[in-house]
Amino acid sequence: DLGQRREVTALVLCFGHEREHRGGEDASDSATIFTRAYTVLARYGGTVIDTDGPQITALFGLADADGRDTEAAVRAALVIQRTRTSGAPVCAGVHVARIVLDVLGAPVKDERLASLLTTTQSLARAVDHAVCVSQLAARTIRHAFTTEEVPVSGRSMPEGGRMVTSA
């Protein structure tokens, strides 16, 4: 049995890249930032599926999809951005797609999941200090948030990506 297909929302958080090149005192700052991020993600219904260097990847809608998972992901990203303790930038990307879950409810690592995560990472890296959403995610959250076109930056960006400007 392959499990089920479900629409989920991915959130990728990228924490200031310059911190990777600094010395020891940043290790505790980094741990504090990540601990706070995990707490916020859990509070908003996110499931962390990967932590790689200065990046956290979470999925919303794995447990009980309620139609507000995209809104919850954007809210979590904004809260994490506002509560960071250092001057390091926090950038976020949010995208929505249908993936396959196994019989235990875990995401199947296939091309659907890979595509979702690649697009979300690209959104997270599009604009410094911003929460960027895909065109589909922007449509989903249009009644809860104000978005605008992403300024041209020379960075690769999925077509139709938007930047969240206010809740």
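Me: Which residue stands opposite Thr-51 in E3?
Reply: Ile-56 stands opposite Thr-51 in this predicted model.

Me: What makes E2 and E3 a pair of strands?
Reply: Pairing needs at least two bridges. Six bridges join E2 to E3, residues 55-60, so the two count as paired. They run antiparallel.

Me: What is the order of the strands in the sheet?
Reply: The order is E2-E3-E1-E4-E5-E7-E6, in an open sheet of seven strands with mixed pairing.

Me: Why are strands E2 and E6 said to stand at the edges?
Reply: E2 (46-52) and E6 (146-149) each have a single partner strand, so one side of each is left without a neighbour in the sheet. On average, neighbouring strands here are turned by 30 degrees against each other, direction ignored.

Me: Which strands does helix H2 touch where it packs on the sheet?
Reply: H2 (residues 69-82) touches E1, E3, E4, E5 and E7, and its direction makes about 10 degrees with that of E1. Helix H3 (residues 111-124) also packs on the sheet, touching E1, E2, E3, E4 and E5. The direction of H3 makes about 165 degrees with that of E4.

Me: Why is the contact of Glu-71 and Arg-75 called a salt bridge?
Reply: The cut-off is 4 Å from a side-chain nitrogen of Lys or Arg to a carboxyl oxygen of Asp or Glu. Between Glu-71 and Arg-75 the N to O distance is 3.1 Å, so the pair qualifies. A search of the whole structure finds one salt bridge.

Me: How far apart are Glu-71 and Arg-75 along helix H2?
Reply: They are four residues apart, and are therefore separated by about one helical turn.

Me: What makes Glu-71 and Arg-75 partly exposed, rather than buried or exposed?
Reply: Buried means under 20% and exposed over 50%, with partly exposed in between. Glu-71 has a relative accessible area of 26%, and Arg-75 is at 30%. Both values lie between the cut-offs, so both residues are partly exposed.

Me: Which residues touch the most other members of the largest nonpolar core?
Reply: Of its 29 residues, these are Leu-11, Leu-13, Phe-15, Leu-41 and Val-74. The largest share of this core, seven residues, comes from H2. Leu-41 touches residues including Leu-11, Val-48, Ile-56 and Ile-80.

Me: Where is confidence lowest among the elements of the chain, and where highest?
Reply: Helix H1 (residues 25-43) is lowest, at a mean pLDDT of 82, and E3 is highest, at 97. Over residues 18-25 the pLDDT is below 50.

Technical notes: Residues are numbered from 1 along each chain as its sequence is written. This is a predicted model: local features need pLDDT of at least 70, side-chain atom pairs count only at pLDDT 80 or more; totals for chains, interfaces and linings use all residues. Side-chain values use heavy atoms; hydrogens and water are left out. Axes are lines fitted to C-alpha atoms, for helices over the stretch in contact, and angles run from 0 to 180 degrees between N-to-C directions. Contact means heavy atoms within 4.5 Å. pLDDT is the predictor's confidence in each residue, from 0 to 100. Buried means under 20% relative accessible area, exposed over 50%, partly exposed in between (1.4 Å probe, protein chains only). A nonpolar core is a set of buried Ala, Val, Leu, Ile, Met, Phe, Trp, Tyr and Cys residues joined through side-chain atoms within 4.5 Å. Lists of a residue's contacts leave out its neighbours within four places in sequence.
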